[in-house]
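Me: I'm new to this one and would like to go through a few spots in it. Can we take it piece by piece?

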Amino acid sequence: MWYSWFVYFRLTLLAQVTGFLAGERNYAEIHGDTGPLVYPAGFLYIYSGIQYITGGAVFPAQILFGVLYVINLGLVLLIYIRAQAVPWWALSLLCLSKRIHSIFVLRLFNDCVATTLMHASVALMQQQHWHLALTVFSAAVSVKMNVLLLAPPVLLLLLKSLTVWGVLTSLGCAAILQVLVGMPFLLTYPMEYFSRAFNLGRVFIHFWSVNFKFVPEDFFISKPFALSLLILHLGFLFVFAQYKWCRHEGGILRACGPQNVREEPKKSDLNVVDKFLRSVQSLSANHILTVVFTGNFIGIVFARSLHYQFYSWYFYSLPFLLWKTTFPTPVRLAIFFGTELCWNVYPSTPVSSVALLLCHVSLLAGLWFAPSEYPYVDRTKEIKKS
């Protein structure tokens, strides 16, 4: 067991960093003993820092990741408290995952860094700091591309919260950071960088998949299976956006369109009042977390392959999502611990994969039938006081 930590950290992550530190800027030539480099450049900078601090030793790196675990947990508790949707005792569930402890403190995966930055970005979104939030979000993507699962719901929140100019400048902040992070590689071997760091067509090994292990391997790696899951992913994002996340505004177009789309053709005094009210309303912390966590979870449900470290992508959202449903508390806890049990079966089996899929589908169904909360916080009272 200890040797497996050593192999992955020293022979894969740090071996890739060593090539970068030696001056190699061609992504096609940077690799470790277990495979080529497939992460954006932010990964290289962060793990170069870890190598410098630890000297490449495993135990000091585990201490660093233990600190990272505490920081991440603090961010998660912050966004939960702001959302005020989970009873205080249920917050203890966030500390009870054996698999998450292994991913953070033992395995030293870069998923942990990306997840922490993702939660920091969500915390900034809850405070309406959209430009800074998108910059931190982009930093998370620069460490590992899985954070892009949040891109559709985040874009929806931007369109609901900001003007067209605000949306463009926020996305511009994210784009500028990506350019700056990738600059050494974009100026030398740009095609190699894009093809390796942002490869959306990569096929994962069937053996390591925790989900869909019951699917025959030849069908698992086939394009029809991947395309079917992609269509389901996009379809569920659309129906949730149209009928759940934008329900109170009357659908996606009314929620995200220009002001004249939302208003009636006749410019009456009532419309002027409505326009004023919208201008002093902001999205609630609860609604932001609902959209982001649910959108990410939909991506997880329809992901073709989930490796063990991928559990960190959505574990911290489970208590929140479970308490958004109308399930009785025993059912919520059964889904939570059932999911945890499936992720601790090694190697995964067809039975554990089916059980995990049932947990996912049950939670997704619970979210669909749950009532949709009003998305805005009315700030007119604050304005009157000031």
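Me: Where is Ser317 placed?
Reply: This is a predicted model. In it, Ser317 sits in the loop between helix 15 (285–301) and helix 16 (318–324).

Me: Is Ser317 buried or exposed?
Reply: Ser317 counts as buried, because its relative accessibility is 3% and the cut-off for buried is under 20%.

Me: And what does Ser317 touch?
Reply: Leaving out residues up to four places away in sequence, Ser317 is in contact with Tyr80 and Phe293.

Me: Moving on to Leu318, where does that lie?
Reply: Leu318 is in helix 16. Leu318 is buried too, with a relative accessible area of 2%.

Me: Which residues does Leu318 touch, not counting those up to four places away?
Reply: Leu318 touches Tyr80, Tyr311, Phe336, Thr339 and Leu363. Tyr80 is also a contact of Ser317.

Me: How many residues apart are Leu318 and Phe336 in sequence?
Reply: Leu318 and Phe336 are 18 residues apart in sequence, and their C-alpha atoms are 6.9 Å apart in space.

Me: New topic, charges. How many salt bridges does a search of the whole structure find?
Reply: The search finds three salt bridges. Side chains of opposite charge can pair when their charged atoms come close.

Me: What does Lys144 pair with?
Reply: Lys144 forms a salt bridge with Asp111, at 2.8 Å from N to O. Lys144 is in the loop between helix 6 (130–141) and helix 7 (151–161), while Asp111 belongs to helix 5 (residues 110–126). The two are 33 residues apart, and the pair links distant parts of the chain.

Me: Are Lys144 and Asp111 buried or exposed?
Reply: Both Lys144 and Asp111 are buried.

Me: What about Glu249, which residue is its partner?
Reply: The partner of Glu249 is Lys160, and the closest N and O atoms of this salt bridge are 3.1 Å apart. Glu249 lies in the loop between helix 11 (223–245) and helix 12 (252–256), and Lys160 in helix 7, so the pair ties together parts that are 89 residues apart in sequence.

Me: Buried or exposed, those two, Glu249 and Lys160?
Reply: Glu249 is buried at a relative accessible area of 7%. Lys160 counts as buried as well, at 6% relative accessibility.

Me: Which residue does Glu373 form a salt bridge with?
Reply: Glu373 pairs with Lys324, and their closest N and O atoms are 3.3 Å apart. Because Glu373 is in the loop between helix 18 (350–369) and strand 4 (376–378) and Lys324 is in helix 16, this pair ties together parts 49 residues apart in sequence.

Me: Why does Glu373 count as partly exposed?
Reply: Glu373 has 22% relative accessibility, and buried means under 20%. Lys324, at 16% relative accessibility, does count as buried.

Me: Last topic, cysteines. How many disulfides does the count come to?
Reply: The count comes to zero disulfides. For Cys246, the nearest cysteine sulfur belongs to Cys256 and is 5.0 Å away, whereas a disulfide needs sulfur atoms within 2.5 Å. Cys246 is buried, at 0% relative accessibility.

Me: And Cys359, where is the nearest cysteine sulfur?
Reply: The nearest one to Cys359 is that of Cys342, 5.1 Å away, and Cys359 is in no disulfide. Cys359 is buried, with a relative accessible area of 13%.

How values were computed: Residues are numbered from 1 along each chain as its sequence is written. This is a predicted model: local features need pLDDT of at least 70, side-chain atom pairs count only at pLDDT 80 or more; totals for chains, interfaces and linings use all residues. Side-chain values use heavy atoms; hydrogens and water are left out. Helices (H or I, at least four residues) and strands (E, at least two) are DSSP runs, numbered from the N terminus. Buried means under 20% relative accessible area, exposed over 50%, partly exposed in between (1.4 Å probe, protein chains only). Contact means heavy atoms within 4.5 Å. A salt bridge is a side-chain nitrogen of Lys or Arg within 4 Å of a carboxyl oxygen of Asp or Glu.
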